[in-house]
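Subject: Structure handover

Hello,

Here is the structure for your files. My notes follow below it.

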Protein chains: 2
Amino acid sequence: MTQNLDLVFAALADPTRRAILSMLLEDDMAVTDVAEPFDMSLTAISKHLNILSRAGLISQDRRGRVKWCKLEPDALKVASVWMQGFGQFEPVHLDAFERFLKAELPDA
Amino acid sequence: MTQNLDLVFAALADPTRRAILSMLLEDDMAVTDVAEPFDMSLTAISKHLNILSRAGLISQDRRGRVKWCKLEPDALKVASVWMQGFGQFEPVHLDAFERFLKAELPDA
DNA sequence: ACTATATTCAACCATATGGTTGAGTGATGA
DNA sequence: TCATCACTCAACCATATGGTTGAATATAGT
């Protein structure tokens, strides 16, 4: 559990990896396409993707020679809930918060 | 900005530092008192506190020979907002979210 | 003045991180 | 079949991280 938080937060601490996550928000992508906008070797991107994968933030599905990367936003929830223990984000009210979201974002 | 996210997420990636933040949730503490429950040198804790401080997650106020550490939960907000860009946490609805919190938690 | 307390500094260590290059594997398609 | 494409592996490098110890600094109390 705490290990998972370690991995998630560590994964998010790198700007390249955060950028990758943002890209995957749009659509699933192949490793080569993920790498394209970065001024960095494919190997480096491959490593970043592994780190994101081990943290559970993405899943990778190899189809033929192409490995498709898919965002797994649920993995952020653990971190999000942890943070809600601080300041104005009270974990007690999570249920109410989710009801609120359902009402506000019916098709999200 | 992105630099700040780097520092905040990196600071949160260590279990000792997360534990320290949880402790400071209760009350402000002196460095020695923060260190007490950990099986680790005072120097190590001092370093952790510096990392938390540089990330803006705590402030340190030296009064005499004692340095008081204070939680700064607002620093988590940047990270929290960033995460809301994923999954069910839509940044667009932040204002509505804050109105919701004000209504649900009048004295938080 | 002296001693104890609170904290930091400096130097060091082992391991992790983020990057590189060059070679290797395996699927695709002409 | 054979070249190409998508990706990974292995080895390496520089720097960062998380920890240690022993000495240093500075305030507080007697």
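This is a predicted model: local features need pLDDT of at least 70, side-chain atom pairs count only at pLDDT 80 or more; totals for chains, interfaces and linings use all residues.

A polar backbone atom of A:Val31 is 3.1 Å from a phosphate oxygen of DNA strand D. On the base side, a polar side-chain atom of A:Arg65 sits 3.0 Å from a base oxygen, and for B:Thr43 a side-chain N or O atom is 3.4 Å from a base oxygen.

Helix H3 (31-35), helix H4 (42-54) and strand S3 (66-71) of chain A each give two or more residues to the surface near DNA strand D, as does helix H4 (42-54) of chain B. H4(B) supplies the largest share, 5 residues. By class, this surface has 8 charged, 7 polar and 7 nonpolar residues.

S3(A) also pairs with other strands of chain A. With strand S1 (residues 29-30), the pairing is antiparallel over 2 bridges, and A:Trp68 in S3(A) stands opposite A:Ala30. Strand S2 (residues 58-63) runs antiparallel to S3(A) and is joined to it by 6 bridges; here A:Ser59 has A:Lys70 as its bridge partner. S2(A) and S3(A) form a hairpin with 2 residues between them. In the turn, A:Gly64 has a positive phi of about 70 degrees.

Regards

Notes:
Residues are numbered from 1 along each chain as its sequence is written. Chains are lettered from A and ligands numbered from 1 in the order in which they are written. Side-chain values use heavy atoms; hydrogens and water are left out. A polar contact is a pair of N or O atoms within 3.5 Å; within protein, one must be able to donate a hydrogen and the other to accept it, and residues adjacent in sequence count only if both atoms are side-chain atoms. Helices (H or I, at least four residues) and strands (E, at least two) are DSSP runs, numbered from the N terminus. Ala, Val, Leu, Ile, Met, Phe, Trp, Tyr, Cys and Pro count as nonpolar, Asp, Glu, Lys and Arg as charged, and the others, Gly among them, as polar. Two strands pair if DSSP finds at least two bridges between them.
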